[in-house]
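This briefing concerns the structure shown below.

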Amino acid sequence: MMVSSLFSVIGSGIAMGLGSIGSAVGEGMIAMSAVDSLGRQPKASAKILRIMIIAQAVTETAAIFALVISLLLLFQAGTDSLLKGITFLSAGITIGLGTIGAGLGAGLPGAAAMKGLGKQPRNSDVLTVHMIIGQAVTQTSTIFALTVSLILIMLTPTGGLLKMAACLGAGFAMGFGAVGPGIGDGLVARFANLGVARDPKNMGLLTRTMIIGQAITETTDIYAMVVSLILIFVI
């Protein structure tokens, strides 16, 4: 077996193994809150079930990105280049770590929406729209990680040990760098959703504030991506 193939299969396993964590826990939080709401509002079961599935589907996005990278790594052509193998490994690390925060983060506003439905089922439409907006922003960190992973997979690197270290460092920088923003965005969206559940009339104000707060939270994600690109293309 070619050297790079050894690292590509390891990277594939890391991508999917770590990539399953955040989304699975996030979806569990949503389902847990939905079950609690059903106990309070059994007559609203159809609404609660429908919105629960929507919330879980959005939360699954991070794991789907990890699956895509995992499959791409499995079918990469092998070479005798150790450096290319390191880029494959780094790609798996990037997306594996990079999906944890987004998966957990998307689960937080989803669970908050379920809680709101348990108190005010008539606000389902407003809560659903606000929930999806909040969840969508949490996926930004995973999109950055996906981008860096794809760059690493397609990269044709040249160099020695320093370049190997740089490519591996890029994976850790973007992977770990995406965890905090994903969770942070989810926390902002969670409390914004709870606010909408209490008073839907304030949705406009809460949405604007939520997006501003999430945008600022995402700046650290941008720093991580910049450093990753410098490590890949400059070092």
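The side chains of Arg 40 and Asp 36 meet in a salt bridge, with an N to O distance of 3.2 Å. The structure is a predicted model, and a search of the whole of it finds 1 salt bridge.

- Arg 40 and Asp 36 lie 4 residues apart in helix 1 (residues 3-40), so about one helical turn separates them.
- Arg 40 counts as exposed because its relative accessibility is 54%, and exposed means over 50%.
- Asp 36, with a relative accessible area of 41%, is partly exposed.

**Helix 4**
- Helix 4 (residues 82-98) has 17 residues, which at 1.5 Å a residue should span 24 Å; the C-alpha atoms at its ends are 24 Å apart, in agreement with that value.
- Where helix 4 starts, a side-chain oxygen of Ser 81 comes to within 3.4 Å of the backbone nitrogen of Leu 83.

**Nonpolar surface patch**
- Leu 162, Ile 222, Tyr 223, Val 226, Ile 230, Phe 233, Val 234 and Ile 235 make a nonpolar surface patch of about 820 Å².
- Helix 10 (residues 219-233) gives the most to this patch, contributing 5 residues.
- Ile 230, one of the residues of the patch, is found in helix 10.
- Ile 230 counts as partly exposed because its relative accessibility is 40%, a value that falls between the cut-offs of 20% for buried and 50% for exposed.

Technical notes
Residues are numbered from 1 along each chain as its sequence is written. This is a predicted model: local features need pLDDT of at least 70, side-chain atom pairs count only at pLDDT 80 or more; totals for chains, interfaces and linings use all residues. Side-chain values use heavy atoms; hydrogens and water are left out. Patches are made of residues with over 30% relative accessible area and no salt bridge: like charges are joined within 9 Å, nonpolar side chains (Val, Leu, Ile, Met, Phe, Trp, Tyr) within 5 Å. Accessible areas come from the Shrake-Rupley method with a 1.4 Å probe; for residues, only the protein chains shown count as cover. A salt bridge is a side-chain nitrogen of Lys or Arg within 4 Å of a carboxyl oxygen of Asp or Glu. Helices (H or I, at least four residues) and strands (E, at least two) are DSSP runs, numbered from the N terminus. Buried means under 20% relative accessible area, exposed over 50%, partly exposed in between (1.4 Å probe, protein chains only). The expected span of a helix is 1.5 Å times one less than its number of residues. A polar contact is a pair of N or O atoms within 3.5 Å; within protein, one must be able to donate a hydrogen and the other to accept it, and residues adjacent in sequence count only if both atoms are side-chain atoms.
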